[in-house]
Amino acid sequence: GQNIDQPTEMTATEGAIVQINCTYQTSGFNGLFWYQQHAGEAPTFLSYNVLDGLEEKGRFSSFLSRSKGYSYLLLKELQMKDSASYLCAVRDYPPNSGAGSYQLTFGKGTKLSVIP
Amino acid sequence: NAGVTQTPKFQVLKTGQSMTLQCAQDMNHEYMSWYRQDPGMGLRLIHYSVGAGITDQGEVPNGYNVSRSTTEDFPLRLLSAAPSQTSVYFCASSRDDRATSYNSPLHFGNGTRLTVT
């Protein structure tokens with residue numbers, strides 16, 4: 001099975017930088033995704049890593065180390081609208097599933113509060 | 001382009017009733033899945049499908065059935081609703097990029113908020 005851990009809550013100041021960590025244990029790893037979810041809304045895609053290293057998209061960056069089972073999401077120049085939950089999700093191929101099947105398993109999410 | 005459409009948005013059921021949550025996507029995505037989201041539990045996978053005629057169980061499949069007769073539709077059936085099934089249900093789809101290992105994120109519907117009394 002999968003085990004994905006991320007902090008439950010974080011608080012940061014507007015304009016600052018915050019790093020949200022995610023650790024995972026899985027077999028058949030095939031990529032790690034970060035999603036943003038505002039309260040009462042559906043998750044929306046932020047970033048994807050399948051190889052080690054840093055992926056940068058504007059104010060958001062995501063890092064992956066497959067050997068350590070570790071990823072982080074870095075948010076720069078925080079804005080009030082960044083207050084949301086951030087979900088780490090790992091894609092893998094379950095050993096006993098149907099041919100070619102793969103699934104995306106989510107961590108419990110990190111609720112980020114941005115304060116003035 | 002509507003994306004992923006879920007109906008209904010809200011539903012209240014009595015224990016023992018049955019119902020079907022509808023999910024349709026117009027992006028020709030091969031992969032579709034159902035999640036439930038509960039406070040403190042995050043998103044948990046119920047069932048998923050990598051194409052028409054193929055379904056598989058996720059982490060929490062008990063009490064739910066699915067079928068995939070077309071690429072577009074992936075309904076979730078509750079045969080006998082229980083209070084433990086009170087939750088927000090999300091349907092999501094993506095391209096099947098196994099051959100190319102291309103970035104293919106899940107696209108989520110807006111969710112169905114189900115209460116079982």
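How many salt bridges are counted between chain B and chain A? The count is zero. A salt bridge here is a side-chain nitrogen of Lys or Arg within 4 Å of a carboxyl oxygen of Asp or Glu.

## Basis of the model

This is a predicted model, in which local features need pLDDT of at least 70, side-chain atom pairs count only at pLDDT 80 or more, and totals for chains, interfaces and linings use all residues. Residues are numbered from 1 along each chain as its sequence is written, and chains are lettered from A in the order in which they are written.

## Where chain B meets chain A

On chain B, 29 residues are in contact with 23 residues of chain A (contact: heavy atoms within 4.5 Å). The two chains bury about 2000 Å² between them, 52% of it on carbon and sulfur atoms. Buried area is the accessible area (1.4 Å probe) that two parts lose on being put together, summed over both.

Strands β4 (31–38), β5 (42–51), β6 (54–57) and β9 (87–94) of chain B each supply at least two residues of the side that touches chain A. Strands are DSSP runs (E, at least two residues), numbered from the N terminus. β5(B) gives the most, with five residues.

## A closer look at A:Thr8

A:Thr8 sits in the loop between β1 (3–5) and β2 (9–13) of chain A. A:Thr8 counts as exposed because its relative accessibility is 60% (exposed: over 50% relative accessible area, 1.4 Å probe, protein chains only).

Leaving aside neighbours within four places in sequence, A:Thr8 is in contact with A:Gly109, A:Thr110 and A:Lys111. A:Pro43 is 35 residues from A:Thr8 along the chain, and their C-alpha atoms are separated by 17 Å.

How values were computed. Side-chain values use heavy atoms; hydrogens and water are left out. Helices (H or I, at least four residues) and strands (E, at least two) are DSSP runs, numbered from the N terminus. Buried means under 20% relative accessible area, exposed over 50%, partly exposed in between (1.4 Å probe, protein chains only).
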